[in-house]
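Reader: Could you walk me through this structure, one question at a time?

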Amino acid sequence: GLSIVEHRNRLRLQRFFQLVETGRGLLPSALAAGFGSYAQFHRVFRALHKSSPGVYLGLRELKKPRAVTR
């Protein structure tokens, strides 16, 4: 039910999430995932996740369990 462009963008976003989890920044991850520019990445991200990448990833960080230090 997806167009080729939608499918490709979803694959690119999956790759982006894999890359950003390794500690890369947003822009290097977006470009390495196949987006031609940060503007293109941002537009696709907002369309699919209804949030900006920074806000979305910030919320994901808040949900991660943190190690307890003593």
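Author: Let's start with a word we'll need: buried means under 20% relative accessible area, exposed means over 50%, and partly exposed is in between, using a 1.4 Å probe and protein chains only. This is a predicted model, where local features need pLDDT of at least 70 and side-chain atom pairs count only at pLDDT 80 or more, while totals for chains, interfaces and linings use all residues. Residues are numbered from 1 along each chain as its sequence is written, and side-chain values use heavy atoms, with hydrogens and water left out.

Reader: In what order do the elements run from the N terminus?

Author: Helices (H or I, at least four residues) and strands (E, at least two) are DSSP runs, numbered from the N terminus. The protein chain has four helices and zero strands. Read from the N terminus, then, the order is α-α-α-α.

Reader: How many aromatic pairs are there?

Author: A pair of aromatic rings is described by the distance of the centres and the angle of the planes. Rings of Phe, Tyr and Trp (its six-membered ring) pair if their centres lie within 6.5 Å; planes under 30 degrees apart are stacked, over 60 edge-to-face, and the rest tilted. Going by this rule, the count is nine.

Reader: What kind of pair do Phe16 and Phe17 form?

Author: Phe16 and Phe17 are both buried. Their ring centres are 5.4 Å apart, with 65° between the planes. That makes the pair edge-to-face.

Reader: And which kind is the pair of Tyr38 and Phe41?

Author: These two both sit in helix α3 (residues 38-49), three residues apart, about one turn of the helix. Tyr38 is partly exposed at 31% relative accessible area, whereas Phe41 is buried at 0%. With 5.5 Å centre to centre and 55° between the planes, the pair of Tyr38 and Phe41 is tilted.

Reader: Which residue lies over the face of Phe35?

Author: Phe35 belongs to a cluster linked by ring pairs, together with Phe16, Phe17, Tyr38, Phe41, Phe45 and Tyr56. A charge sits over a ring if NZ of Lys or CZ of Arg is within 6 Å of the ring centre and within 35 degrees of the ring normal. At 5.7 Å from the ring centre of Phe35, the residue is Arg12.

Reader: Is Asn9 buried or exposed?

Author: Asn9 lies in helix α1 (residues 4-21). Contact means heavy atoms within 4.5 Å, and beyond its neighbours within four places in sequence, Asn9 touches Phe35 and Val44. Its relative accessible area is 10%, so Asn9 counts as buried.

Reader: How far apart in space are Leu57 and Val20?

Author: Leu57 is in helix α4 and, at 14% relative accessibility, is buried. Leaving aside neighbours within four places in sequence, its contacts are Phe16, Phe17, Val20 and Leu26. Leu57 and Val20 are 37 residues apart in sequence, yet C-alpha to C-alpha the gap is 9.4 Å.

Reader: What is Phi of Lys50 near?

Author: Lys50 is in the loop between α3 and α4 (53-63). At 68% relative accessibility, Lys50 is exposed. Its phi is positive, in a residue other than glycine, and is near 55°.
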